[in-house]
Amino acid sequence: MDNVFNKNYNHQVDPQSVKELHQAIDQDIKANGGANAFIHNIIALCSINFILAKAIYDLKSNSKFDVFAGKGLLDINIINTHTKEPIYSGLPAKHTNDMLNKFKRDYALYPSLFFYGLGNGNFYKALLENKNHKKIVVFEPEIEIFFIAFHLNDFSKEMRENRFIPFCVSYLNDAYLHIICNKKEIKYNARNYGFHIYNEYYEKNYKDSANSINKHLLNILLLNIKAAGNSAEDTLIGMKHVVENMPKFYANYSLKDILNLNSNRNKTAIIVSTGPSLTKQLEILRQVSPYAILIAADASYPILKLHDIRPDFVTTMERIELSGAFFDSKVSEFDSDITFIASSLIHPNTIKLLDGRNVAFAHKPLKFEEGLDEDKKNYMCKGPSTAHFAFDLAVELGCKQIIFIGQDLAMADDGTTHARGMVFGETSPTIASKEYEPNITTALGYGGKTQVRSIKLWDMFREYFEAMIDAISSYSDVKIYNATEGGSRIKGTIEVPFSQLGKEIIGGGVKKSLIKPEPILPQISQSKLKTQRELIENFIKVGKDKQELIKELFKRISKLVEAANADLSNGKEPRYAKFYELKERIDRLKANLDSDKIFDSVYMSAAYNFCLHQELEFATLMVRPESGKSDRDKKIFEYVKQHGYYFFSLAGLVQTTIDTLQNALNGWEI
């Protein structure tokens with residue numbers, strides 16, 4: 001299969017189609033005197049994937065596959081009428097029982113499992129009886145197999161509970177895959193990930209498709225782990241900046257006001273980044289600038305200023321001080337009609353350098369920032385770079401045509417990494433150094449015919465763009481063009497030369513129109529800051545309260561483990577019953593912390609990287625097969641012991657977060 005993720009269906013759900021399907025289902029239920037397994041499944045699937053549910057329902061009958069019933073309920077085979085090949089080469093009941101025995105032996109404790117191939121569905125219905133399996137994800141290439149399996153088994157309860165998650169390969173939604181893989185039952189079980197092809201029939205006939213999906217799932221799981229960052233330090237720096245910058249957040253322009261006044265006013269937005277290809281696009285950009293909104297990533301601002309091409313918006317979001325260099329120039333007439341959209345976590349020095357310019361702030365939709373309970377229009381860009389921020393802004397402005405230029409995400413043929421005029425030079429000395437070579441990679445080039453040299457960070461940026469584009473395509477008709485004419489290919493974009501797009505935009509004769517809002521009134525600013533101070537002070541109180549609970553449990557764990565180690569050194573068995581009791585307390589406290597909205601958004605966001613990697617360790621331990629009570633005892637002992645380190649470290653991270661918030665709050669000058 002060339003590209004299993006290409007769309008061949010309309011993501012958008014038509015309300016009329018929903019109404020018509022519901023009416024048809026109601027008629028079926030009345031005609032048959034009630035709902036059968038098939039109807040129950042269709043109704044449950046509608047809430048997960050309406051497009052797939054409707055496609056299965058609309059089949060009415062199967063033609064590519066025939067069903068053959070054996071002596072028992074499990075002996076149901078399915079024959080491919082085109083190839084005359086059965087899905088089960090032997091007895092279906094034996095295959096089902098053999099699979100169940102295998103998964104009972106090796107995977108009984110796995111919270112999540114991935115499969116390729118649905119078959120007659122009997123295996124999955126039986127597998128779902130094991131309540132340890134919280135997420136069973138199944139990919140099936142043939143929609144007729146869904147039609148058959150849905151008549152044979154009722155999965156409606158498990159689908160409503162999100163325990164059974166079926167995907168049809170022809171109807172894959174990449175954005176939904178990302179959401180599913182971010183569920184804790186799957187994310188925390190990532191080290192135990194396995195992709196199981198159902199049987200020989202699927203292995204023989206759909207191997208390339210299965211391998212493609214498996215590779216993509218691995219990339220998503222890896223992306224989730226990468227997104228956690230390397231340490232709590234970056235998160236705490238961002239948190240510190242957000243609180244320190246609050247007086248500025250409410251002292252300039254409001255992003256909400258900008259969006260309210262300008263959404264859906266302009267058709268085209270051009271995202272300007274600083275790849276090597278930007279240089280050749282500048283003259284066309286100058287010509288088209290009266291007709292399209294120009295959104296510049298911060299690094300491209302000095303280049304545009306050098307060539308007297310004025311962007312409408314400039315986005316900046318890095319928390320490091322170095323990013324301020326892009327604005328280390330005298331404020332001039334050039335800046336008067338530009339609005340600088342800054343993330344609230346940028347370095348305070350960058351804010352100083354932006355002084356005198358029109359600035360609006362946005363919170364990134366991260367846990368801590370979301371806990372500040374701002375208006376939803378003041379949140380923007382979960383992506384990792386300023387270019388993602390610019391793209392998000394274009395989407396929120398309601399532009400129906402978004403164009404990338406300078407978005408190379410790769411080195412040019414001559415080895416340069418950035419456009420001419422880049423503040424830090426055309427070739428990054430870091431990337432050019434020998435020490436950086438392990439980070440060099442290759443990617444499919446623009447046009448899809450060549451490979452280009454890239455770096456792992458840019459490759460991650462590309463994957464984020466592709467995920468964002470797929471998500472946007474699921475609910476809108478926005479067209480996204482890559483007019484970079486160089487660098488990496490970005491899946492989901494339409495590759496068109498910038499000169500061609502420029503002629504079309506200019507030929508349309510419609511000039512852009514933007515409305516500038518009034519600045520935030522001082523009395524509104526003061527009221528907002530008062531509310532935010534009270535909110536953060538409450539964050540600190542909650543942290544102190546939870547920290548006491550964590551410390552108390554850590555002490556109990558330490559005492560019990562110390563006693564157990566003494567027993568073991570004296571040749572005695574530890575009191576395992578006490579460890580079972582303590583495990584219950586551990587799980588209750590973790591559930592308590594997880595369910596507390598403030599603790600989760602503030603403290604767990606700071607500790608996210610640490611907690612994720614610890615949970616990966618816990619998951620690896622807890623899915624280990626057990627042959628008897630002795631194995632279970634030792635596992636519980638180890639689980640409790642590992643949580644001693646976990647809670648000790650968590651208590652320290654909570655204290656560091658409390659100190660960070662308090663110090664940032666103390667620095668307010670209002």
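**Helix faces, helix packing and selected loop residues**

In helix α4, the residues Pro92, Ala93, His95, Thr96, Met99 and Phe103 are buried, where buried means under 20% relative accessible area, exposed over 50% and partly exposed in between, with a 1.4 Å probe and protein chains only. Seen down the axis of α4, these buried residues fall within an arc of 160°, so they line one face of the helix; the arc is that of the directions from the helix axis to the C-beta atoms. The model is predicted, so local features need pLDDT of at least 70 and side-chain atom pairs count only at pLDDT 80 or more, while totals for chains, interfaces and linings use all residues. Residues are numbered from 1 along each chain as its sequence is written, and side-chain values use heavy atoms, with hydrogens and water left out. Helices (H or I, at least four residues) and strands (E, at least two) are DSSP runs, numbered from the N terminus.

On the other side of α4, Lys94, Lys104 and Arg105 are exposed. The buried residues of this helix pack against β2 (76–80), β4 (112–116), α5 (122–127) and β7 (195–197), contact being defined as heavy atoms within 4.5 Å. Helix α4 (residues 92–106) has 15 residues and reaches 21 Å from its first C-alpha to its last, close to the 21 Å expected at 1.5 Å a residue; the expected span is 1.5 Å times one less than the number of residues.

A similar description can be given for helix α24. The 20 residues of α24 (residues 576–595) should span 28 Å at 1.5 Å a residue, and the end C-alpha atoms are 29 Å apart, which agrees. Tyr576, Phe579, Leu582, Lys583, Ile586, Leu589, Lys590 and Leu593 are buried in α24. They cover an arc of only 130° around the axis, which puts them on the same side of α24. The face turned away from this buried side carries the exposed residues Ala577, Glu584, Arg588 and Ser595, whereas what covers the buried residues includes α23 (522–569), α25 (597–606), α26 (608–622) and α27 (629–666).

Two packed helices are described by the angle between their axes and the distance between the axes. Here axes are lines fitted to C-alpha atoms, for helices over the stretch in contact, and angles run from 0 to 180 degrees between N-to-C directions. Angles under 35 degrees count as roughly parallel, over 145 as roughly antiparallel, 65 to 115 as roughly perpendicular and the rest as oblique. Helices α24 and α27 pack at an angle of about 45°, with their axes 9 Å apart, and they are therefore oblique to each other.

Glutamate 638 lies in helix α27 and, at 27% relative accessibility, counts as partly exposed. Helix α3 (residues 50–59) and helix α6 (residues 143–152) pack at an angle of about 75°, with their axes 9 Å apart, and are therefore roughly perpendicular to each other. This contact is made by Leu52, Ala55, Ile56 and Leu59 of α3 and by Ile143, Glu144, Phe146, Phe147 and Phe150 of α6.

Several loop residues were also examined. Most residues other than glycine have a negative phi. Asparagine 264, in the loop between α14 (255–262) and β9 (268–272), has a positive phi of about 65° although it is not a glycine, and at 59% relative accessibility asparagine 264 counts as exposed. Aspartate 373, found in the loop between α18 (367–370) and α19 (386–396), has a positive phi of about 60° and is exposed, with a relative accessible area of 65%. Tyrosine 379 is found in the loop between α18 and α19, but at 14% relative accessibility tyrosine 379 counts as buried. Not counting residues up to four places away in sequence, tyrosine 379 touches several residues, including His363, Pro365, Leu372 and Asp373.
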